[in-house]
Amino acid sequence: MMAGINAQTRLYGVFGDPVAHSLSPAMHNRAFAHIGENAVYMAFCVQDIGKAVEAVRAFDMGGVSVTIPHKVSVMEHLDEVDETARAMGAVNTIINDQGRLTGKNSDCAGAVKAILEKTPIDGKDVVVLGAGGAARAIVYGLKEQGGKVTIVNRTREKGEALAAELRVDFQPLEALDQLACGIVVNATSVGMVPDVARSPAPASFFKKDMVVMDIVYRPLLTRFLSDAQDAGCATVDGIAMFVYQGASQFEWWTGKDAPVVQMRETVETLLGQR
Ligand code: NAP
């Protein structure tokens, strides 16, 4: 990668704090190299998001990923925020179109693409576990695709508030076992290292015709997915959403198809799966 850097190289990056463990630089650099794009993607540990956005303008950066804690505060520094990102209340991507900076959110498209690989969404009953930032993007995307979504969340008030805002149903965690659905998504952090023995759903919940996605990717095979596989369900792991949200960013920035196979391979290698 480094050998290719020259006076025409376009700079991209991720702004966040912390960012030292971000998987995005390796994934995007592999993608740029694969399609022969003269670009480099770096991780920037940013405290002052306003100054960092000024740097995008000053250096004419090609685009930026934005992560915690700047996904909300970045919005006031941009020229425009698109409709989906406004509905999310969060920007995870900056597009630089000849100096005009637009905020977008690729989490929604990432989750939808990952599920569409396994099943159509239109008309399906969908249960989304969780009511945080990731759940908001997923519920919004699945509803746009015609899914009949029910949010299930530990904290009732948070779940009800998100369900009311996005105009979907809410059920408390205790009701989970009685819910019938074709698609289930874990959008909580339950099951993530080090609590790998935990799952947000009892094993008895899974029925073999369900498509089950977990957005947790450390570990890749969570207890939630492993219980679903034991019940004969089709499963979608957490890398799928991560790679597809990155692929959407890549396509917005370059206008070219993202090499998703190579991007996934890179992330799997980083996570020790290869
Ligand atoms: P968040 O805003 O903090 O929301 C966390 C959610 O998990 C809340 O609904 C919370 O419920 C629930 N939760 C946490 N601990 C729980 C427990 N012990 N029992 C039941 N529910 C619990 O986090 P987020 O940004 O949405 O991220 C959620 C997870 O998704 C994280 O693990 C993150 O790494 C992962 N993620 C993955 C991708 C991807 O591309 N694969 C993208 C984004 C995020 P309460 O409301 O009751 O607190």
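How many Å separate the centres of domain 1 and domain 2, taken over C-alpha atoms? The value is 27 Å. Keep in mind that this is a predicted model.

Let's start with the layout. The protein is divided into two parts: domain 1 covers 2–105 + 240–270, and domain 2 covers 109–236. Where they meet, 14 residues of domain 1 are in contact with 17 residues of domain 2.

Now the inside. A general point first. In soluble globular proteins, nonpolar side chains tend to gather in buried groups. Here, the largest nonpolar core has 34 residues. Six of them touch the most other members: Val128, Ile138, Leu142, Ile151, Val185 and Met213. Which elements each supply at least two residues of this core? On the helix side they are α4 (107–116), α5 (133–144), α6 (156–166) and α8 (238–254). On the strand side they are β7 (125–129), β8 (148–153), β10 (183–186) and β11 (211–214). The biggest giver is α5, with 6 residues. And this core draws on both domains, taking at least three residues from each of domain 1 and domain 2.

Pick one member and look around. Take valine 185. Leaving out residues up to four places away in sequence, valine 185 touches Ile115, Val127, Val128, Leu129, Ile138, Leu142, Met213, Ile215 and Phe224.

Next, the ligand. How many residues surround the ligand? There are 20. The closest are Ala131, Ala134, Asn153, Thr155 and Ile215.

How much of the ligand does the protein bury? Taken alone, the ligand exposes 930 Å², and the protein buries 74% of that. Two elements give two or more residues to the shell around the ligand, namely α5 and α8. The largest share comes from α8, with 3 residues.

First, lysine 104. You will find lysine 104 in strand β6, residues 100–104. Is lysine 104 buried or exposed? Its relative accessibility is 18%, so lysine 104 counts as buried, since the cut-off for buried is under 20%. What does lysine 104 touch, not counting residues up to four places away in sequence? Its contacts are Asp82, Ala85, Val91, Asn92, Thr93, Ile95 and Trp252.

Second, valine 14. This one sits in strand β1, residues 10–16. Valine 14 counts as buried because its relative accessibility is 3%. Along the chain, valine 14 and methionine 42 are 28 residues apart, yet their C-alpha atoms are separated by 6.5 Å. Beyond its neighbours within four places in sequence, valine 14 is in contact with Val19, Ser22, Pro25, Tyr41, Met42, Ala43, Phe44, Val64, Ser65 and Thr67.

Last topic: backbone details. Which peptide bonds are cis? One runs from valine 193 to proline 194, with omega near 5 degrees. Proline 194 lies in the loop between β10 and β11. Another joins arginine 218 and proline 219, with omega about 5 degrees. Proline 219 lies in the loop between β11 and α7 (223–230).

Then positive phi. Aspartate 60 is not a glycine, but its phi is positive, about 50 degrees. Aspartate 60 is in the loop between α2 (49–58) and β3 (63–66). With a relative accessible area of 40%, aspartate 60 is partly exposed. Glutamine 98 is not a glycine either, and its phi is positive at about 50 degrees. Look for glutamine 98 in the loop between β5 (93–97) and β6. Glutamine 98 is exposed, with a relative accessible area of 80%.

Definitions and conventions: Residues numbered from 1 in each chain as written. Predicted model: local features only at pLDDT ≥ 70, side-chain atom pairs only at ≥ 80, totals over all residues. Heavy atoms only, no water. Core = buried A, V, L, I, M, F, W, Y, C linked by side-chain atoms within 4.5 Å. Buried < 20%, exposed > 50% of the residue type's maximum accessible area, 1.4 Å probe, protein only. Helix = DSSP H or I, 4+ residues; strand = E, 2+ residues; numbered from the N terminus. Domains from an automatic or database assignment. Contact = heavy atoms within 4.5 Å. Near = heavy atom within 4 Å. Areas by Shrake-Rupley, 256 points an atom, 1.4 Å probe, with all protein chains shown as cover.
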